[in-house]
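Open the model in your viewer and keep the selection tool at hand. The tour goes from one selection to the next and says what is found at each stop.

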Amino acid sequence: MNRQQIFEFFARLAEDNPNPEGELEYVNDFTLLVAVVLSAQATDVGVNKATRSLWPVADTPEKMLALGVDGLKEHIKTIGLYNSKAENVIKLCRDLIDKHGGKVPQTREELVALAGVGRKTANVVLNIAFGQPTCAVDTHIFRVSNRTGLAPGKNVDKVEEALMKVIPDPFKLHAHHWLILLGRYICKARKPDCAKCKLTDICLYKEKTL
C-alpha cells in the first residue's frame with residue numbers, strides 16, 4: 001500500500017471505532033500486566049472467565065504473592081499452560097516488589113526483564129496502561145499486515161518494524177487495537193469475511209471472498 005492508501009485504511013477504522021479497547025478485563029496496571037501474561041496461547045474470553053474470581057482477591061503484587069503459586073493455580077487452572085504461568089506470575093510479583101516498589105515499570109526494557117513478559121506483552125502494557133504508541137504484533141496483526149499489503153514481513157519483529165514506519169502518527173496509539181479487532185472478527189484466518197469489510201477497495205488481497 002502507498003501512503004495515501006494507508007492513511008485511508010486507518011481513517012476508516014478510526015471512523016468506525018474512534019476509541020477501541022482491548023478485550024481483556026483488568027482493574028489496574030498490575031492486573032492488566034498479569035492478564036496479558038496469562039493470555040499467551042489462550043483466548044481473552046478464557047482469561048476473563050478465570051480472572052473474574054482472581055482480581056477481587058489479588059489485585060496487587062503483594063496480594064498475589066500472598067496467594068502463592070498453588071493458590072493462583074486454583075484460579076487459573078482453566079487456562080492453557082497454567083502451571084508455568086502461575087510460577088511466572090509469582091516471580092513477576094517478587095520482581096515488581098523488590099525492584100520497582102510494587103509498581104509496573106513504564107519502559108520496554110524493564111518489562112521484558114520480568115518473568116513471563118515478552119516483547120508483545122510489554123508493548124500491550126505500554127500502550128494500554130501508559131498510552132505509548134506501540135504495536136503488539138500477535139497472530140491477527142501478523143496476518144492482516146501481510147494479507148492486506150499494509151506492512152508485509154516474514155516474522156513478527158519485521159512486521160512490527162514495518163508497521164511503526166508506515167502507521168500515520170494520528171493513528172499510532174490505537175492502531176494495534178484496530179488491527180486485532182479486524183483480524184479477529186473480519187479478516188479471519190481460514191476465510192476472511194470480505195463482504196463485511198469496509199476496506200476491500202484498499203486491501204491488496206487477491207482472493208477476496210465477496
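In which helix does H176 lie? Select H176: this residue of the predicted model is part of helix α10. H176 has a relative accessible area of 2%, under the 20% limit, and therefore counts as buried. Now show its neighbours, leaving out residues up to four places away in sequence: H176 touches V124, N127, T134, C135, A136 and I141.

**The largest pocket**

What is the volume of the largest pocket? The value is about 620 Å³. The pocket is lined by 30 residues, and to find its centre, select S39, D44, D138, I180 and R184, which are the closest to it. The largest share comes from α10, with six residues. By class, the lining of the largest pocket holds 13 nonpolar, 10 polar and seven charged residues.

**The second largest pocket**

Which residues are the closest to its centre? Of the 13 in the lining, they are L13, D16, L181, L182 and I186. α10 again gives the most, here with four residues. The lining of the second largest pocket divides into eight nonpolar residues, one polar and four charged.

Move on to N19, in the loop between α1 and α2. Is N19 buried or exposed? Its relative accessibility is 59%, and exposed means over 50%, so N19 counts as exposed. Then select W178 as well and draw a distance between the two C-alpha atoms: N19 and W178 are 9.3 Å apart in space, although 159 residues separate them in sequence.

**The cavity**

How many cavities of 30 Å³ or more are there? The count comes to one. For the largest cavity, the volume is about 100 Å³. Select T148, C187, C194, C197 and C203, the closest to its centre among the 13 lining residues. The lining of this cavity has nine nonpolar, two polar and two charged residues.

**A pair of helices**

For the last stop, select α4 (residues 61-76) and α5 (residues 82-100). Two packed helices are described by the angle between their axes and the distance between the axes. For α4 and α5, the angle is about 180° and the axes are 9 Å apart. An angle over 145 degrees counts as roughly antiparallel, so α4 is roughly antiparallel to α5.

Show the side chains to see which residues make the contact:

- From α4: P61, E62, M64, L65, G68, V69, L72, K73 and I76.
- From α5: Y82, N83, K85, A86, E87, V89, I90, C93, R94, L96 and I97.

Colour this contact by residue class to finish: 13 of its residues are nonpolar, two are polar and five are charged.

Note on methods. Residues are numbered from 1 along each chain as its sequence is written. This is a predicted model: local features need pLDDT of at least 70, side-chain atom pairs count only at pLDDT 80 or more; totals for chains, interfaces and linings use all residues. Side-chain values use heavy atoms; hydrogens and water are left out. Axes are lines fitted to C-alpha atoms, for helices over the stretch in contact, and angles run from 0 to 180 degrees between N-to-C directions. Helices (H or I, at least four residues) and strands (E, at least two) are DSSP runs, numbered from the N terminus. Angles under 35 degrees count as roughly parallel, over 145 as roughly antiparallel, 65 to 115 as roughly perpendicular and the rest as oblique. Contact means heavy atoms within 4.5 Å. Ala, Val, Leu, Ile, Met, Phe, Trp, Tyr, Cys and Pro count as nonpolar, Asp, Glu, Lys and Arg as charged, and the others, Gly among them, as polar. On a 1 Å grid over the protein atoms alone, a cavity is a set of points where a 1.4 Å probe fits but cannot get out, and a pocket is an open set with protein on both sides within 12 Å along at least five of seven lines; lining residues have an atom within 4 Å of a point. Grid points are joined across faces, edges and corners, and a volume is the space filled by probe spheres set on the points. Buried means under 20% relative accessible area, exposed over 50%, partly exposed in between (1.4 Å probe, protein chains only).
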